[in-house]
Amino acid sequence: CWVCLGGVCLNELPLSNCSIKLCCEHKFCNSCWKQYLTYKIKRKDSSNICCPALHCHILVPTELIENVVSPEMARRYFDLNIEVKRIYRIVNNYFNL
């Protein structure tokens, strides 16, 4: 898949093994999805996770994240998003946005 060949992991799988695709029609293997999503969550870069395809801005659905990553990573993802929303509300209230 494109992620595998693009350096996220070293698995060079045929496109037929790419089992998860988004509405943008980009397909990636389960292993690449798990690595990509885990990486984004660990970097605290998870408020708006987009498709890993180059120049694609389609958001990854929460259900996909929850189903692919470990339960611990899913909890971290939800905790980070709760914190981001809390900070966003504080900033909006401060500036009366």
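A nonpolar core here is a set of buried Ala, Val, Leu, Ile, Met, Phe, Trp, Tyr and Cys residues joined through side-chain atoms within 4.5 Å. Keep that in mind as you click around; the model you have open is a predicted one.

**Stop 1: the core**

Start with Trp-33, Leu-37, Ile-49, Val-60 and Ile-65. These residues have the most contacts inside the largest nonpolar core, which has 20 residues. Now colour helices H2, H3 and H4 (71-95): each of them supplies at least two residues of this core. Which helix gives the most? That's H2, with 4 residues.

Next, centre on Val-60 and show what surrounds it. Setting aside residues up to four places away in sequence, Val-60 touches Leu-22, Trp-33, Leu-37, Ile-49, Cys-50, Cys-51 and Ile-65.

**Stop 2: along helix H2**

Select residues 30-42, which make up helix H2. H2 has 13 residues and reaches 18 Å from its first C-alpha to its last, close to the 18 Å expected at 1.5 Å a residue. Show side chains for Cys-32, Trp-33, Tyr-36, Leu-37, Thr-38, Lys-40 and Ile-41, the buried residues of H2. As you look down the axis, remember that an α-helix has 3.6 residues a turn, so residues three or four places apart point the same way.

Two members of that list deserve a click of their own. Is Thr-38 buried or exposed? Thr-38 counts as buried because its relative accessibility is 15%, and the cut-off for buried is under 20%. Neighbours within four places in sequence aside, Thr-38 is in contact with Val-69 and Met-73.

Then pick Lys-40, also in H2. Lys-40 has a relative accessible area of 16%, so this lysine is buried too. Hide the residues up to four places away in sequence, and what Lys-40 touches is Asp-45, Ser-46 and Ile-49.

**Stop 3: over to helix H3**

Select Leu-64, found in helix H3. With a relative accessibility of 14%, Leu-64 counts as buried. Leaving out neighbours within four places in sequence, its contacts are Ile-20, Leu-22 and Trp-33.

**Stop 4: the rings**

Switch to the aromatics. How many aromatic pairs does the structure hold? There are 3. Phe-28 and Trp-33 have ring centres 5.5 Å apart and planes at 80°, so their pair is edge-to-face. Both Phe-28 and Trp-33 are buried. Tyr-77 and Phe-78 form another edge-to-face pair, 5.2 Å centre to centre with 70° between the planes. Tyr-77 counts as buried at 6% relative accessibility, whereas Phe-78 is partly exposed at 31%.

**Stop 5**

Finish with the backbone. Most residues other than glycine have a negative phi. Select Glu-25, in the loop between strand S1 (20-21) and strand S2 (27-28). Glu-25 is not a glycine, yet has a positive phi of about 80°; it is partly exposed, with a relative accessible area of 48%.

Following H2 you'll find Lys-44, whose phi is positive and near 60°. Last, pick His-55, in the loop between H2 and helix H3 (62-68). The phi of His-55 is positive as well, near 65°, and His-55 is exposed, with a relative accessible area of 68%.

Definitions and conventions: Residues are numbered from 1 along each chain as its sequence is written. Side-chain values use heavy atoms; hydrogens and water are left out. Buried means under 20% relative accessible area, exposed over 50%, partly exposed in between (1.4 Å probe, protein chains only). Contact means heavy atoms within 4.5 Å. The expected span of a helix is 1.5 Å times one less than its number of residues. Rings of Phe, Tyr and Trp (its six-membered ring) pair if their centres lie within 6.5 Å; planes under 30 degrees apart count as stacked, over 60 as edge-to-face and the rest as tilted.
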